[in-house]
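Please keep the structure in view while reading.

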Amino acid sequence: MTTSSKEASSSSHTLRRALFFFGFVGANFYYLHVSLRVCVFLGCLIPSFLLLYGYTTNSHTLNVPNALYILLNVVFFGTSFLYLPVNFTICIFLGCLITSFFFLLYTTKSLLVTGAGILVMTIVTIPDVLLVVLPVILHVALTGILVFIPIQGATIVGLPCTFKPIKWLYDLLISFTLNARKDGVGTKQPNALNARTVTPTGKKIQRSRKSNGRASSGVGSDEKLNQGVEESVEGCTIGKLFVSSREIATGSNGTIVLEGTYEGRPVAVKRLVKAYHDVASKEHRNLSVSDSHPNIVRLYGKESDRDFMYLALERCTCNLNDFIQKPTFSEDQASEGTLREVKLWTEEGYPSPILFKLMRDVVSGLVHLHELGMVHRDLKPQNVLIIEGRCLCAKLSDMGISKRLMEDKSSLGNHATGNPIAQSLISLAVTGCGSSGWQAPEQLLNQRQTLAVDMFSLGCVLFYCITGGRHPFGDRLERDINIVKSKADLFLVEDIPEAVDLLSCLLDRDAESRPKASEVLTHPMFWNSEMRLSFLRDASDRVEREGRGSAILKALQSIAPLVLDTKPASKRNKKTVLLKWDKKIEPALLNDSRNHRSYNYESVRDLLRLTRNKQNHIFDLPLEVQEILGPVPEGFDGYFRSQFPKLLIEVYKVMHKCCREEEWFSKYFKGSVDCVV
């Protein structure tokens, strides 16, 4: 074959490969229903890594071809940064991480090849060959390591830290940078946030020898500022804020929560890295607007220095996750006079009034945010803080990614939809809003987001509280996929029909079908015994006036199979018949009820009438019957709840459908009276 024919064949082969490549890539992008920006990003990022791989593995000498490699890599990589719809630090992380692995691959390969050669030559020839090859080993090792370590360091700095060891290293690097940096007049920064006072403008204030090594500021001595913090705790004062070195918690993006005081008041100091300026400013702005509500964590003030923004927040005892998972608390918490022994569940397995109160606090905080047009977007147990005052109180926190809806908009965005699994993965990588396992399906699929995203997260949080730390969508690794597929498992709350009804609505895949926060607040799940009995009494009085064949009576009787249960008509007959409710009533109570009126034991209306009559005449009943029913309202409600667990919620659905606009029932459907458990 001639040279020209070989070249033609090679060119044809290359052309075919290129056509196949672009054909498959084009088809891939066609079926990947995402924005063009992501496609351009992927299209530029992958070639840049291929070019970088060719440079690092084939040759490391600087010549014209390699210079072209580097130039093309910079062009492609720069283009991918322009089109990547995420935070720039993630670009640094991805670029540096993959680059460092390429250099590590090159170094490891070189060391293995060289080491194998040395071993063979040593065995076959003479030991002195080690002296000849040793400089080569050192050269390769040092070159790879010196390239690998700086790039890996840049990777850690650019990483939105979530992994604890990496966060520790990240904070260590930040502290090292603070210690090494010179200020404007050539004096070193303090070590470990210690022994210096800084004003909000960054100017120094001289230390006083009469203040135990701590500085005096323009607003008074540090003894006054540091009330509530142990004298032995090291720290620094920034404006009106004293920041101790004692860490309370850590978060993403280098965020740390420290103990401190603000104008003499003990506070939790949230230290935000200024590099993430948008998140820090947004959290301060959102808290400033919303913290007047008792169920939103209070913001007392803000200070800043060259590297960080400090938010002085209300000092809390723990978060909801710790409160549910760990009933015992550390000595540090005990020293602050924190949580006493709290009973979260009753002997029957129902949430206790205290737990119901905390769950209602979460809903109240959400109602306030939604009234302001704010979407929290990251509601989870870790972002609900518990405070112990006269009584336990829950407060919403972490407003860093909250967003306020514009007056002329009802949603945050409207994006194209596509393959659910692909969209969920892209949303996790691109949007960065919310926490895995607690996001609504429209967040995972990057679809139109409204206030309803918080309602979905609320459903997960309420289920978590009721079940003692379980999740409606399974284990941690499978939650997002189950959320996208709408595979919720409410088996653990089946014994609480009111919870099943509310959670089913909150976890609905259709955002428009989820209730509003204000509607959740008046749901029967949060009613106390007195409210439950009052509703059943009023419902009985309302339907008692209805004549036969009325729409309300028909709707009420249609729920009889759910309220009374059914049984097979016979062993051979597959049809079912109603279980008469007299079979579930104690004989003494049943005999007493027959003395005053006759009842239809298949009628839900008559069952309501029985509860109403016995409640109104409880003190006229024989002592034996009073002991069966128990005291009003808790015992009485507990008896009928145990015998007919679905009676309340099913009657509530009927009355909500037929009578919600009637003034008689406004207090049950519009929250005009207190219904706290």
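In this predicted model, the axes of helix α18 (residues 529-544) and helix α24 (residues 634-643) come within 9 Å and cross at roughly 65°. The points below begin with this helix pair, continue with a sheet, and end with the protein as a whole.

**The helix pair α18 and α24**

- Two packed helices are described by the angle between their axes and by the distance between those axes.
- The crossing in which α18 passes α24 is left-handed.
- On the α18 side, the residues in contact are S529, R532 and L533, and they meet E634, F636, D637 and R641 of α24.
- Sorted by class, this contact of α18 with α24 comprises 4 charged, 2 nonpolar and 1 polar residues.

**The sheet β9-β11-β12**

- Strands of a sheet pair through backbone hydrogen bonds, in either a parallel or an antiparallel manner.
- Here, 3 strands in the order β9-β11-β12 form an open sheet, and their pairing is antiparallel.
- The edge strands, each pairing on one side only, are β9 (318-319) and β12 (392-396).
- Helix α11 (residues 353-371) packs on this sheet, where it touches β11 and β12. The direction of α11 makes about 30° with that of β12.

**The hairpin of β11 and β12**

- Strands β11 and β12 form a hairpin, with 3 residues between them.
- Strand β11 (residues 384-388) runs antiparallel to β12 and is joined to it by 5 bridges.
- Two pairs of facing residues can be located in the model: E388 stands opposite L392 in β12, and V384 stands opposite L396 in β12.

- Why is β12 described as largely enclosed by the rest of the structure? The reason is that 5 of the 5 residues of β12 are buried, where buried means under 20% relative accessible area.
- Both faces of the strand are covered. L392, A394 and L396 are buried on one side of β12, while C393 and K395 are buried on the other.

**The protein as a whole**

- The protein contains 26 helices and 15 strands.
- Of its 677 residues, 46% are buried.
- Among contacts with a separation of 6 or more, 61% are between residues 24 or more positions apart.
- The protein exposes about 35900 Å², and carbon and sulfur atoms supply 58% of this area.

Notes:
Residues are numbered from 1 along each chain as its sequence is written. This is a predicted model: local features need pLDDT of at least 70, side-chain atom pairs count only at pLDDT 80 or more; totals for chains, interfaces and linings use all residues. Side-chain values use heavy atoms; hydrogens and water are left out. Two strands pair if DSSP finds at least two bridges between them. Helices (H or I, at least four residues) and strands (E, at least two) are DSSP runs, numbered from the N terminus. Contact means heavy atoms within 4.5 Å. Axes are lines fitted to C-alpha atoms, for helices over the stretch in contact, and angles run from 0 to 180 degrees between N-to-C directions. A crossing is left-handed if the near helix is turned anticlockwise from the far one by less than a right angle, and right-handed if clockwise. Ala, Val, Leu, Ile, Met, Phe, Trp, Tyr, Cys and Pro count as nonpolar, Asp, Glu, Lys and Arg as charged, and the others, Gly among them, as polar. Buried means under 20% relative accessible area, exposed over 50%, partly exposed in between (1.4 Å probe, protein chains only). Accessible areas come from the Shrake-Rupley method with a 1.4 Å probe; for residues, only the protein chains shown count as cover.
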